Structures are given as structure tokens and as C-alpha cells.
Amino acid sequence: MDHGSQQQHPAMNRLYEVQREVQSLGPQVCTFSGLKNEREYRRLERELTQLLLEVDQVDTEGRADLQGARKRAAQEVEGLLRYLEENATHPSRLAIEELSRDAQRLVEQGVVEPQRAGGTAEISDELVDAVQELILRLTQVKTGGRVPLRKARYRALTRLCAVQDIIEGRTRQQTLPLSEDTHVAVQRINQVMVHVSGARSQLVALLMGLSGRDSCAHLSRVLTELLVELDALDVSGNAAVRNYRKQVVEEINSLLKHLDLEGEGDDTRRYDLGQNDSIRQIEAVRGRVGQLQGEVLRHCGVGDLFRPKPELQSLLTHLDQVDTARNPCIREARRRAVLEVQAVITFLDLREALICRQPSPNEPSQHRAVWLVLGSLSDLQAQVLCFNGKQADKSYMLLEELLTKQLLALDAVDPQGDEMTKVARKQAVKFAQNILSFLDMKTDEWEY
């Protein structure tokens, strides 16, 4: 807007004020990751609606410049209102909420209710598997890069991953209490163990939004006080009691590390995995794999074989060393990068085998038929490696159809009792299926 003489007009001054208020609300709207029934949503909606009413009430006196400024101000407010509602009602946001509720129900029945009833939750394999399944389903929710959706997914994932870590830690550690006649300090350590068991269930309830009265800060104080008390106990001269205390301290520390999740995703940018160091390492590897793959395919096009296998193997080693921090999205990103490297390696292996192949004059026809299919599969894999389209593309459907035809051709091969043909056909079928799976992975629009 021109801040010249027009700025002196009261209507223009009011529109400037509205614009400043919109600018202050904009970041809050663009990072709000909740639902329509939340207090913060209602506040933002109320303030934006009020601004829109104020814009509508500005008297432009029929002046074109004021009418244009009012129209632009109204469009900005309406755009924020629309963005706010779209994210709060987006199918992906509702999917995240539904999965979060499934997780709540699961944890309430399996962990929280038994503890409230005065018992100890028995962590079953079924519970652990069900939590893992929900984590995988959360990682598959598409966000389209929208910050509010990424935040919502990150928040749900971090909490459920923390719950997974707590319940798996419970089944792994199972610290057993010592007999109280072992040492005078054992009775108190055993009492602390009882508190820790209760705190574990309490923490799970907090993370899953099942504890209205307590807070992470309160539980953190309780656990810290238990640590101080354990540290003050005199256990000198008894290695068994000292080790027992150490185990209990480790259990308390394992719970404390999850207590900073209350504001996680709101006051940090950890939800933006594009800025994560591990993701950056994975992306750097993928970039190099892309370069090597391009070189391999170019050399194949002129009848040569470029062999960067040592470097590809070193890239696999590097990926294996990437720290995923138990984050399922980073784990999945690493898994997919590994498959990309392996796809180039298997392509090279088959090309080399085809070049070096020297069939004997009396080779069985069925064995030759399998190798003919492998030659076709190698050509198709070259196309899959450089394919960058979507599943709706005609080129995708053609590739899928051609790969399926090769599977049918292998199915038609009768080994006639020849063991080498049986083995070769089985390997060729697996190879074809892997190419199909890789093509699906390249086109499933997964995102971290």
C-alpha cells in the first residue's frame, strides 16, 4: 500500500491497523495444528471474524483507492479463516485424530485401567504389536507438506513412540526387588520401585491425554525427588544393593526423558524433519545414489557396464549408521533409501550376469527361457529405476503390465525336474516381484 497522503484518511489508517493485526495473527493460524472444537481454534476464529466485520464497516466514501484497500484486507482475513478451517477439518487431520483415539483406547484398557484398579499392568505381546501397528499407520498419513498437519502427526507420533518405549522398557527390564533382609536400605528402594511402577502408568496416561488432573511438570518433580532420595541412601559396602539402586535410578531416568513432550511440536521445529540431521544424511545418500544410477544407466545405453558397487556398498554402510532416534518416519526414510541402493546393486549384478553368461550347447530349453525373461526384466528394471511418475500415469500402468507378463512367462516355464531351472525360475520370480514392489514404493507418495 502507498503510505503517502492517502495514509492520512481515517479509513485507510484503520485498514492499516487491520493489516497489522492480520500479520500478528497469521503465524498463529499457520501453525495451529488442532481441531475446530479446541479453545485456541475458537479464539482465532473469533478474532479473525471480528476483523472481517471491522473491514466491512469501513466507509470508503465511494473512493476507488479505499475500496481496493478494503477488498485486499478482507481477502487476507478470509484467506486466514479458510486456511484455519481447512487444516482443522482436513481428512488427514481427522485421520490423525482417529488414530490417536484408537491409541488412547488401547492404552487405557491395557495399561491405565489395571493400574487404577490397584493392580499392575501386564504388558502383552498383543498390546506391543497393536501400538506398533498404530505407529506405522500414523507415519502413512499424508500431510501434503502443510505445517499444521505435520505438527499434528509429529505430536501424535512422538507421544505414541514414547508410550511404546515405556511399555517395551517395562517388558525388557523387569527389575526384581531384593529381599529386605539383604540391607537396611532395601526396604526404601523397594518402596521407591512401587512409586516408579505407578509413575510409569501415570506417564503413559499423561502422554495419551488420559490424565486430566496431573501434569508432566508435577510428575517430573516427583521422580526427581525419588532420585534425590535414592542418592542419599547409604549402600556402601554392598555391591548387590548398589547395583539394585542403580537399576531403579536408570528406570526413573528412562521415564524422565519423556517428560519434555508436553510442549513438543509447539515450541520447537522438530516436526519439520526436513531440518533433521539424520534426514539430511539420508537425503545426501539418496542424491549420490541418483548420480551413480544415472551413470550406470548411461553406460548401459552404450553397451558398457559402469561398476560403482564398492561405493554403493559403502553408502549402505553409511545408512546403517544413521541414527533414527526411534523415530518411525526417519526409520522408514532410511529403509526406503536402503531399497534404492539395493535396487541399483541388483540391477548391476543381473547385467553383469547377462554379459558374462556363456550357455552350453546342450542347455535345457526351459533354462534358456528363464534367462530370456531375466534379460527382459533387466531392461524393465532400467525403466523402473528412472521412472518418476505416478500410479495414475499410463507409463506406470504399462510398466506394471509388462512386469506382470514376465511373471506369467516364468509361471509357464516347466522345469521338467531340472534342479538348476527350478532355482533360476524361483530367483527370477523373486526378482520380478521386487521390481514391482520398488515401482509401487516409488509411486506411493510417501513423505517424512
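Mentor: Helices are DSSP runs of H or I with at least four residues, strands are E runs of at least two, and both are numbered from the N terminus. Keep in mind that this is a predicted model, where local features need pLDDT of at least 70, side-chain atom pairs need 80 or more, and totals for chains, interfaces and linings use all residues. Residues are numbered from 1 along each chain as its sequence is written, and side-chain values use heavy atoms, leaving out hydrogens and water.

Trainee: At what angle do α12 and α15 pack?

Mentor: Helix α12 (residues 328-356) and helix α15 (residues 419-442) pack at about 140°, with axes 11 Å apart. The axes are lines fitted to C-alpha atoms over the stretch in contact, and angles run from 0 to 180 degrees between N-to-C directions.

Trainee: What makes α12 oblique to α15?

Mentor: Under 35 degrees is roughly parallel, over 145 roughly antiparallel, 65 to 115 roughly perpendicular, and the rest oblique. The angle is about 140°, so α12 is oblique to α15.

Trainee: And how many aromatic pairs does the structure hold?

Mentor: Two. Rings of Phe, Tyr and Trp (its six-membered ring) pair if their centres lie within 6.5 Å; planes under 30 degrees apart are stacked, over 60 edge-to-face, the rest tilted.

Trainee: Why is the pair of Phe-32 and Tyr-41 called tilted?

Mentor: Their ring centres are 6.0 Å apart and the planes sit at 50°, so the pair is tilted. Phe-387 and Tyr-396 form a tilted pair too, at 6.3 Å centre to centre and 45° between the planes.

Trainee: Are Phe-32 and Tyr-41 buried or exposed?

Mentor: Both are buried, as are both Phe-387 and Tyr-396. Buried means under 20% relative accessible area, exposed over 50%, partly exposed in between (1.4 Å probe, protein chains only).

Trainee: What makes Ser-395 partly exposed?

Mentor: Ser-395 has a relative accessible area of 36%, so it counts as partly exposed. Its place is in helix α14 (residues 394-412).
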